[in-house]
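Work through these exercises on charged side chains. Try each task before you read its solution.

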Amino acid sequence: MEPITMEHILSSRPKQECILVEVEYVLNDIRMMLYNIDEWAKPTAVQKNMVLILDDPYIISEPYGVVLVLGPWNYPLQLALAPFVGAITAGNTVVLKPSELSPATSGLLANLIPKYLDQDCYHVFPGGAEEAQALLKLKFDYIFYTGSTTVGKLVYEAATKHLTPVTLELGGNPTYIADDANLEVTAKRMMWGKMLNAGQTCIAPDYILTSAATRDRLVAVIADTLKSFYGDIDPINSPDFGRIVSNKHVA
C-alpha cells in the first residue's frame, strides 16, 4: 500500500482551505496550549472565611484520566487533534478514534502518532461504527464527540451509564437578517460560512429568518456572491469548492 501523505489529504479539498481550517488551526491550538500551560497549571487561590483564616486554601486542577476522542469526517484533522491536544495539555491519556469515512486522514494519524507519542498513553484506534460502539461500552473519564445529533444522543446515552462527562459539538444554526441590513456584506459573510468546507461546518447557517421583501432581494444578491466566489461555472467543477466524502452525506 502506498504511504499516506499530506498531499493525499490536500488533493480532495482546496489546498488553501485545508491548510487554513485543518493544519493551521491545530498548530495555533498547540501554540496556545504551550503559551498558557504554565499559567493554567498553577494552583488557584480561593477566598478565605473565618474557618480557614489560618490556612492557605487553593485549588489544584487535575486530569480527568483516560479521554476518548471520536473524530468526525468533515474536519478529520482539526476535530480529531484539537481535543486530542487539549486532553494531553490537561495531563490525560487519550484514545483517538478517527472517522473511517476519511480514510486518508485516519491512516495518516494511525501512522504518525505512534511514531512520536507513547502508545501506552496515546493510542489511535481506527475502525468504523462497530469499533466506535465497542469503545463506548468501556468506561472512560471524559468523551469528546463532534458530529450529528443522532449519533450525539447515542454517545451521551453510553456516557451516562458510567456517569462520564462529555463534550458534544453538534450543528444546526439559524441566521436572522434584518430589513435594513447591508445585503452585499451579509451575503458575502453568510456564504463564506456556508460554503466553507462544502457547508459541513457546525456553525454554518442552516436556514434564514427574514421578511418576504428582504428574502427576494437576498436571493439575487446570494446568486451574484456565489458567482464572485466560484465563477460562472457549475460550483461542483470549481477547484475552490470542497467535496463531501460520500453520497450518503450529500443528502
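**Salt bridges and burial**

Asp216 has a relative accessible area of 49%, so Asp216 is partly exposed (buried means under 20% relative accessible area, exposed over 50%, partly exposed in between, with a 1.4 Å probe and protein chains only). This is a predicted model, where local features need pLDDT of at least 70, side-chain atom pairs count only at pLDDT 80 or more, and totals for chains, interfaces and linings use all residues. Residues are numbered from 1 along each chain as its sequence is written, and side-chain values use heavy atoms, with hydrogens and water left out.

**Exercise 1.** Find which side chain meets Asp216 in a salt bridge.

*Solution.* Start with the term: a salt bridge is a side-chain nitrogen of Lys or Arg within 4 Å of a carboxyl oxygen of Asp or Glu. Here the partner is Arg215, at 3.1 Å from N to O. Next, check its accessibility: Arg215 is partly exposed because its relative accessible area is 46%.

**Exercise 2.** Determine which residues salt bridges with shared partners join into one network.

*Solution.* The network holds Arg13, Glu17 and Glu22. Arg13 and Glu22 are both buried.

**Exercise 3.** Classify Lys97 and Glu100 as buried or partly exposed.

*Solution.* Lys97 has 4% relative accessibility, so Lys97 counts as buried. Glu100 reaches 37%, so Glu100 counts as partly exposed. The two form a salt bridge, their closest N and O atoms being 3.2 Å apart.

**Exercise 4.** State how many salt bridges the structure holds.

*Solution.* The count is nine.
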